[in-house]
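Me: I would like to learn how to read salt bridges and nonpolar cores in a model. Please take them one at a time.

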Amino acid sequence: RGRRDGTGWKTVGRNTAQPAKCNEQEDMIMSDFPSKEKALGMYKKMYEIRKYEESIYYLFLEGIMPGTIHQSTGEEASAVGMLYDLRKDDWMASTHRPAGHDLAKGISVKAMMCEMFGKADGCCGGKGGAMHTGDASVGAMTANAIVGGNLPIAAGVALAFKMQKKDNVVVCFFGDGASNEGSYHETMNAAGLWKLPVIYVCENNMYSANTSISLTCCQENVAADRAAIYGIPSEVVDGNDVVAVNEAATRAIARARAGEGPTIIEVKTYRHGGHSRNDACGYRPKDEADHWINDRDPVKNFRKVILDQGVITEEELQKEEAAIEREIDEAVEYAKAAPLPELSSALEHVFWEG
């Protein structure tokens with residue numbers, strides 16, 4: 001079955017596409033809607049990611065938090081839809097924009113916030129910062145800021161699972177720009193040849209840093225249209241529809257667990273902010289940004305859907321949202337007061353000790 005993406009296209013079968021027109025809200029409601037518990041769970045996780053990133057944005061703006069940030073605001077449906085049904089012992093590989101992926105995979109808000117403040121209680125002991133978060137205990141590989149650098153690493157983890165005859169899977173995110181890296185093509189060739197249990201997710205937000213992908217790639221679907229040459233099935237999905245993303249994830253995870261090999265899923269989405277905190281987005285057309293940010297906001301739109309579907313009442317939902325906001329506020333205060341790492345920790349995890 002096909003799925004609409006952000007440009008009005010629908011994937012039908014394997015590596016094919018045809019035009020389709022549909023209304024975003026109606027399409028979401030007409031899908032095989034998840035259980036009320038799951039729908040609410042996905043919304044709460046999306047809301048947590050949104051509020052977490054809003055919090056760190058203002059902390060950086062006020063000069064309270066060190067370093068820099070590459071935010072995924074607007075791409076919450078991609079992270080949550082892909083990772084919601086993974087097991088704890090399945091693995092995930094992220095990019096230089098990892099916050100949403102890490103929170104969706106199970107890293108706590110407190111551990112993430114401490115990492116952002118460079119504190120010892122951070123998920124990487126205060127050494128990673130915004131672009132290098134992760135936690136092996138929940139299956140989140142430390143994020144890789146090298147464009148395309150995580151692709152072969154994810155393939156290696158998937159190969160290990162296959163050699164050990166385990167049914168674990170790996171989900172690896174990458175951006176549209178990474179689809180032009182040599183590491184992408186070398187990895188896809190190996191993953192397809194060896195039928196590795198890995199799902200490669202291209203978060204196509206239309207811009208590689210500040211350059212439109214249309215200026216650097218002749219394919220409209222930069223990952224999905226190339227998948228056939230590697231013998232890998234692909235899907236193009238509306239990356240702002242968490243239900244559609246989750247349905248695609250379900251299919252891909254089932255294939256991988258059954259030993260049928262990798263899947264490439266291209267999700268069409270849009271980051272609300274710039275490439276990094278210093279990017280004012282002057283290169284993006286105003287009407288384009290207004291459409292994606294105001295009309296196609298995945299959190300706002302899914303909130304309306306779960307209310308319309310009777311998943312929860314407005315009053316109950318406001319209480320759930322308030323609880324998430326309190327958790328984030330408490331994490332900020334905890335991180336501010338948390339101790340810095342000991343100087344001796346700088347020599348830890350530098351080399352492997354047998």
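**Salt bridges and cores**

Reply: The side chains of Arg87 and Asp89 meet in a salt bridge, 3.0 Å from N to O. This is a predicted model, where local features need pLDDT of at least 70, side-chain atom pairs count only at pLDDT 80 or more, and totals for chains, interfaces and linings use all residues. Residues are numbered from 1 along each chain as its sequence is written, and side-chain values use heavy atoms, with hydrogens and water left out.

Me: What counts as a salt bridge?

Reply: Side chains of opposite charge can pair when their charged atoms come close. The cut-off is a side-chain nitrogen of Lys or Arg within 4 Å of a carboxyl oxygen of Asp or Glu. The structure holds 17 salt bridges.

Me: Which residues have the most contacts inside the largest nonpolar core?

Reply: In soluble globular proteins, nonpolar side chains tend to be buried together. A nonpolar core is a set of buried Ala, Val, Leu, Ile, Met, Phe, Trp, Tyr and Cys residues joined through side-chain atoms within 4.5 Å. Here the largest has 65 residues, and those with the most contacts inside it are Tyr52, Met82, Met113, Phe302 and Ile306. Apart from it lies another core of 26 residues, including Phe161 and Tyr230.

Conventions:
Buried means under 20% relative accessible area, exposed over 50%, partly exposed in between (1.4 Å probe, protein chains only).
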